[in-house]
Amino acid sequence: MTVRMLLLAALFAAATTPVLAHHGWGGNEEKITELTGTVVKPVSLAGPHATMQVKVANVVWDITLAPPPRTSAAGLRENSIPMGATVTVRGNRSLEADHHEMKVVLVVHNGKRYAVYPDRL
Amino acid sequence: MVFHDFLQWLEGSPLGHAMRSSGVWTYAIVNLFHIVGIALLFGAIMLLDLRLLGAWRSVPLASLSRPAVTVAGAGVTLAVLTGIPMFATKATDYADNTFLFLKFALVGLALLNVLALHRSPAWRAQAAGQALSVIQERRLALAAGCSLVLWFSAITCGRLAGYW
C-alpha cells in the first residue's frame with residue numbers, strides 16, 4: 001500500500017513538472033527583458049532550436065527561439081522578417097553579462113506578434 | 001585555424017545544407033533515430049557487460065555475446081550516422097561546446113576498448129565457447145567495467161552538450 005502510494009506520488013510529481021524544466025533556461029535570467037534592434041541574421045528554422053541575430057547598439061545578440069516546428073507554428077518563418085528590419089524581442093537573457101544571448105518568447109516585427117512560447121509571456 | 005575551417009566546411013557541406021533546408025521536422029526526426037541508436041547500444045552493452053562482470057552465470061557467454069555485439073554495433077552505427085548530420089546542421093555553433101568534444105573523445109576511447117577486447121585471446125576463447133581461466137574472466141570483466149563507465153560518461157556528456 002505504502003509502495004503504491006509512493007509510486008502514485010512519484011508519477012504525479014513527474015506528470016506535473018512544468019515543461020519549463022526542459023533545458024531549465026538554467027543559464028538565463030528568470031525575468032523577462034526586452035530588446036529592440038536590427039536583424040543581422042534572419043530566422044533559421046534548423047537545428048534543435050530556431051535562431052536569429054539582432055544587433056542592438058553595435059552589439060550582436062544571439063537569439064534562441066523555440067524548436068523549428070513550434071517557431072513555424074507561431075507563424076515565424078525564415079522569410080517572415082527581412083535582413084535589416086527593426087524587431088523587438090522579449091525573453092530571458094543570459095546570466096553572464098558579456099554573453100549576449102537571449103531565449104526569446106516573443107518577437108514583434110512591423111506590428112505583428114510572433115509568440116513562440118505563448119505560455120512563458 | 002584548421003579546426004574552425006573544418007567546422008565551417010562541415011556546416012557549408014551539402015549535408016549541412018540539406019539538414020537546414022529540408023523542413024522544420026528534419027532535425028527532430030534525425031535526433032529521434034540518434035536516441036534509438038543510443039538505446040540499442042546501451043541496452044545491449046548493459047546485458048553483455050553485466051554478464052561479463054558476473055551476473056547470470058547460467059547463461060552461456062557465447063550465446064549472449066553474439067546477439068549483444070550485433071545489436072550494439074547496429075546501435076552505434078545508427079548513432080554515428082545520425083550524429084554527423086546533426087553536428088553539420090550548425091557545426092560552428094558547437095565550436096566551444098566542451099561537453100560535445102569531451103563526448104567525442106569518450107566515444108573514441110570506448111571504441112578503442114571494444115577493439116582491444118575483440119583482439120584479446122580471452123574474447124576469442126569465449127566466442128569459441130571455450131571454458132575461461134580466472135585471468136581471462138578478469139580480462140573480460142575489466143573491459144566490461146571500462147565499457148559501462150565510458151559509454152555512460154559519453155551519454156552524459158552528449159546530453160549536457162544540449163544544455164551548454
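## Ground rules

Residues are counted from 1 along each chain as its sequence is written, while chains are lettered from A and ligands numbered from 1 in the order in which they are written. As this is a predicted model, local features need pLDDT of at least 70 and side-chain atom pairs count only at pLDDT 80 or more, whereas totals for chains, interfaces and linings use all residues.

## Chain A at a glance

Let's start with chain A, which has 2 helices and 6 strands. Here helices (H or I, at least four residues) and strands (E, at least two) are DSSP runs, numbered from the N terminus. Going along the sequence, the pattern reads α-β-β-β-α-β-β-β.

Of the 121 residues in chain A, 30% are buried. For a residue, buried means 20 or more other C-beta atoms within 10 Å of its own, exposed means 12 or fewer, and partly exposed is in between, with C-beta atoms placed from the backbone. Among the chain A contacts with a separation of 6 or more, 49% are between residues 24 or more positions apart. A contact here is a pair of residues whose C-beta atoms, placed from the backbone, lie within 7 Å.

## The cores

Now for the inside. A nonpolar core is a set of buried Ala, Val, Leu, Ile, Met, Phe, Trp, Tyr and Cys residues joined through C-beta atoms within 7 Å. The largest one has 29 residues, and those with the most contacts inside it include A:V54, A:I63 and A:V89. Strands β1 (33–44), β2, β3, β4 (86–93) and β5 (101–109) of chain A each give two or more residues to this core, and β5(A) gives the most, with 4 residues. There is also a second, separate core of 24 residues, which includes B:A72, B:V107, B:V114 and B:L150.

Leaving aside residues up to four places away in sequence, A:V89 touches A:L35, A:V54, A:I63, A:M102, A:V104, A:L106 and A:V107.

## Helix packing in chain B

In chain B, helix α3 (residues 26–52) packs against helix α4 (residues 61–89) at an angle of about 155°, with their axes 7 Å apart. Axes are lines fitted to C-alpha atoms, for helices over the stretch in contact, and angles run from 0 to 180 degrees between N-to-C directions. The pair α3(B) and α4(B) is therefore roughly antiparallel. Angles under 35 degrees count as roughly parallel, over 145 as roughly antiparallel, 65 to 115 as roughly perpendicular and the rest as oblique.

The axes of α2(B) and α4(B) cross at roughly 80° and come within 8 Å, so these two helices are roughly perpendicular. On the α2(B) side, B:L15, B:G16, B:M19 and B:R20 meet B:P85, B:A88 and B:T89 of α4(B).

Most residues other than glycine have a negative phi. A:A57 has a positive phi near 50° and sits in the loop between β2 (51–56) and β3 (59–64) of chain A. With 7 other C-beta atoms within 10 Å, A:A57 is exposed.

B:W56 also has a positive phi, about 45°, and lies in the loop between α3 and α4 of chain B. This residue counts as exposed, with 11 C-beta neighbours inside 10 Å.

## Where the chains touch

The contact takes 10 residues from chain B and 10 residues from chain A. On the side of chain B that touches chain A, α2 (14–21) and α3 each supply at least two residues.

Technical notes:
Two residues are in contact if their C-beta atoms, placed from the backbone, lie within 7 Å.
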